[in-house]
Amino acid sequence: MNRKLLFISGISLIILAFVTAVVLYQQQAGGGQNQALLERPGAPVKGPHDARVTIVEFFDPACGTCADFYPLVQQLMDRYPGKVRVLMRYAPLHSGSDQVVLMLEAAHRQGKYWQALEMLFSNQRRWIVNHVSQPGPARTLLNAVAMDHAQLDADMANPEVIGVVQQDIQDLQSLGVRATPEFFVNGKPLPSFGYRQLAELVKAAVEDSY
């Protein structure tokens, strides 16, 4: 009888170990898939490329909260020098913003992404009317950024630039992003929205990574 119980217990442990391994594998595979959706190669990045903590931000340049969070994210990077980077993804949820993010991606091809983004953020009232993006005034604002403007206009119609924006839209839909800004820290979403929640998640990620 004891041998039978031992045999059954042994089989149960083997089954339990197998099920646990399958669950862990699925979780790891899902996490890898999720990470692939988050970090698009070539996306604008600020901070050291070898930083162990990555903040992925889905944003809309017409989003007032995105503009408010822009300096706050920089403060978090300054709090942990060399340890945190931010990777930006387009989420043109406002009407008309699809054209504005094309401008940003075109500027990115000339190495002028951050200058263009800061210009748009600091002058939102000049190109947003009733929460609707006005691409014409936004494009006029970017004339103040030193770059090849003829090339900027050409790149806005470049299939590669359009494809980048379409990829970001596809990924945000797959991730269930419905509002901006949406943050992920080393693949983890915020438990609830807020600067405190973002700061705590970044702090925990730094402590776990260094």
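In helix 8, the buried residues are Gln197, Leu198, Ala199, Leu201, Val202, Ala205, Val206 and Ser209. The model is a predicted one, and its secondary structure comprises eight helices and seven strands. Of the 210 residues in the protein, 43% are buried. Among contacts between residues at least 6 apart in sequence, 79% join residues at least 24 apart.

- The elements against which the buried residues of helix 8 pack are strand 2 (53–59), helix 2 (64–79), strand 3 (84–90), strand 6 (182–185) and strand 7 (188–189).
- Leu198 is in contact with Phe69, Val73, Leu76, Phe183, Val185 and Leu190, leaving aside neighbours within four places in sequence.
- A second, separate core has 11 residues, including Leu37, Val56, Phe58 and Leu87.
- The largest nonpolar core holds 51 residues, and Phe59, Leu117, Leu198 and Val202 have the most contacts inside it.
- In soluble globular proteins, nonpolar side chains tend to be buried together.

- Five strands form an open sheet with mixed pairing, in the order 1-3-2-6-7.
- Strand 1 (45–46) and strand 7 are the edge strands, each pairing on one side only.
- Strands of a sheet pair through backbone hydrogen bonds, either parallel or antiparallel.
- Strand 2 pairs with strand 6 in the antiparallel sense over four bridges, and Val56 has Phe184 in strand 6 as its bridge partner.
- Strand 6 in turn pairs with strand 7 in the antiparallel sense over two bridges; here Val185 has Lys188 in strand 7 as its bridge partner.

**Strand 2 and its crossover**

- Strand 2 is mostly covered, with seven of its seven residues buried.
- In a regular strand the side chains alternate between the two faces of the sheet.
- From strand 2, Val53, Ile55, Glu57 and Phe59 point one way, whereas Thr54, Val56 and Phe58 point the other way; all are buried.
- Strand 2 and strand 3 are paired in the parallel sense over seven bridges, and Phe58 stands opposite Arg89 in strand 3.
- The β-α-β crossover that takes the chain from strand 2 through helix 2 to strand 3 is right-handed.

**Cysteines**

- Zero disulfides are found in a search of the whole structure.
- Cys63 has a relative accessible area of 5% and is therefore buried, a term that applies under 20%.
- Cys66, with a relative accessible area of 0%, is buried as well.

**Leu152 in helix 6**

- Leu152 lies in helix 6 (residues 149–156).
- The relative accessible area of Leu152 is 0%, so this residue counts as buried.
- Not counting residues up to four places away in sequence, Leu152 touches Met103, Ala106, Ala107, Gln110, Arg139 and Met147.
- Leu152 and Gln110 are separated by 42 residues in sequence, and their C-alpha atoms are 8.2 Å apart in space.

Definitions and conventions
Residues are numbered from 1 along each chain as its sequence is written. This is a predicted model: local features need pLDDT of at least 70, side-chain atom pairs count only at pLDDT 80 or more; totals for chains, interfaces and linings use all residues. Side-chain values use heavy atoms; hydrogens and water are left out. Buried means under 20% relative accessible area, exposed over 50%, partly exposed in between (1.4 Å probe, protein chains only). Contact means heavy atoms within 4.5 Å. A nonpolar core is a set of buried Ala, Val, Leu, Ile, Met, Phe, Trp, Tyr and Cys residues joined through side-chain atoms within 4.5 Å. A disulfide is a pair of cysteine sulfur atoms within 2.5 Å. Two strands pair if DSSP finds at least two bridges between them. A crossover is right-handed if, with the strands pointing away from the viewer, the path from the first strand over the helix to the second runs clockwise.
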